[in-house]
Amino acid sequence: MQQHQIAAGVRDSFSAGLGIFPLGIALGLLILQAGLPWWLTPALSLAAFAGSLELLLVGMLAAVTPPAAVALTVLVVNFRHVFYAFSFPLHLVRHPVAKAYAVYAMIDEAYAVSASLPEHKRSAPRLLAMQLACEAYWVGGGLVGVALGSALPAPIEGLEFALCALFTVLTLDAFRSRQQIPSALLACTGVSVALLLTPGVALFTALLLFVGLLLGRHALMSRRPADA
């Protein structure tokens, strides 16, 4: 039974892996093109395991950005993971070491894949297998990117768009599985307001607005039966 769950978790990772692997390649290429040592690719992939953050850190490391600015960037970019913990099925993982890994590997893609699964199909082996596979795609893609960057005479540009494309696909998959039109509209509202009011930290503001709107919606929905 456990082997079937592990196999199912690996299969769950395939859709996300189609975006994670080329992102890893982009990371390896960017690190070499920035003049940084090749070993920084697997080191970053294992230390942080956050694709969008690592792609930003490459430019910051190459420009010798002050540590305070790097710390603020890490906080703003990865702040969204705080909200993931509210609905990510960490309660399924009982072993403390396995749970620590599940927290460490709670990336956007893993969250989206998990959110698309029905509750009765979730399990600890399936969740951990999916997360391990996603990390394998990321680290493996980075090493492939290093190899390609060493062999190619000219730099390759545009691979960073894979991050935007991946998030778009994951959002559409989650929407199709949940059919939460009000939640999608609230998310669009939060992003629009954040881009208008705080374009420099739009992600941070949009997340706070989205959570506030969801809480307001939940309060309104919980009152309806009582009013009726």
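Biologist: Why is tyrosine 104 called partly exposed in this predicted model?
Modeller: Tyrosine 104 has 28% relative accessibility. Buried requires under 20% and exposed over 50%, so tyrosine 104 counts as partly exposed.

Biologist: What makes phenylalanine 49 buried?
Modeller: The relative accessibility of phenylalanine 49 is 4%. The limit for buried is under 20%, and phenylalanine 49 therefore counts as buried.

Biologist: How many aromatic pairs does a search of the whole structure find?
Modeller: The search finds 3 aromatic pairs. One of them joins phenylalanine 49 and tyrosine 104, at 5.8 Å centre to centre with 40° between the planes.

Biologist: Why is the pair of phenylalanine 49 and tyrosine 104 called tilted?
Modeller: Stacked planes are under 30 degrees apart and edge-to-face planes over 60. The angle here is 40°, so the pair is tilted.

Biologist: Which parts of the chain does this pair link?
Modeller: Phenylalanine 49 lies in the loop between α2 (40-47) and α3 (51-62), whereas tyrosine 104 belongs to helix α6 (residues 96-104); the two are 55 residues apart. Phe49 and Tyr104 also form one aromatic cluster with Tyr101.

Biologist: What makes the pair of phenylalanine 88 and tyrosine 111 stacked?
Modeller: The ring centres are 6.3 Å apart and the planes stand at 25°. Pairing requires centres within 6.5 Å, and stacking requires planes under 30 degrees apart; the pair is therefore stacked.

Biologist: Are phenylalanine 88 and tyrosine 111 buried or partly exposed?
Modeller: Phenylalanine 88, at 4% relative accessibility, counts as buried. Tyrosine 111, at 22%, counts as partly exposed, because the limit for buried is under 20%.

Methods. Residues numbered from 1 in each chain as written. Predicted model: local features only at pLDDT ≥ 70, side-chain atom pairs only at ≥ 80, totals over all residues. Heavy atoms only, no water. Phe/Tyr/Trp six-rings, centres within 6.5 Å; stacked < 30°, edge-to-face > 60°. Helix = DSSP H or I, 4+ residues; strand = E, 2+ residues; numbered from the N terminus. Buried < 20%, exposed > 50% of the residue type's maximum accessible area, 1.4 Å probe, protein only.
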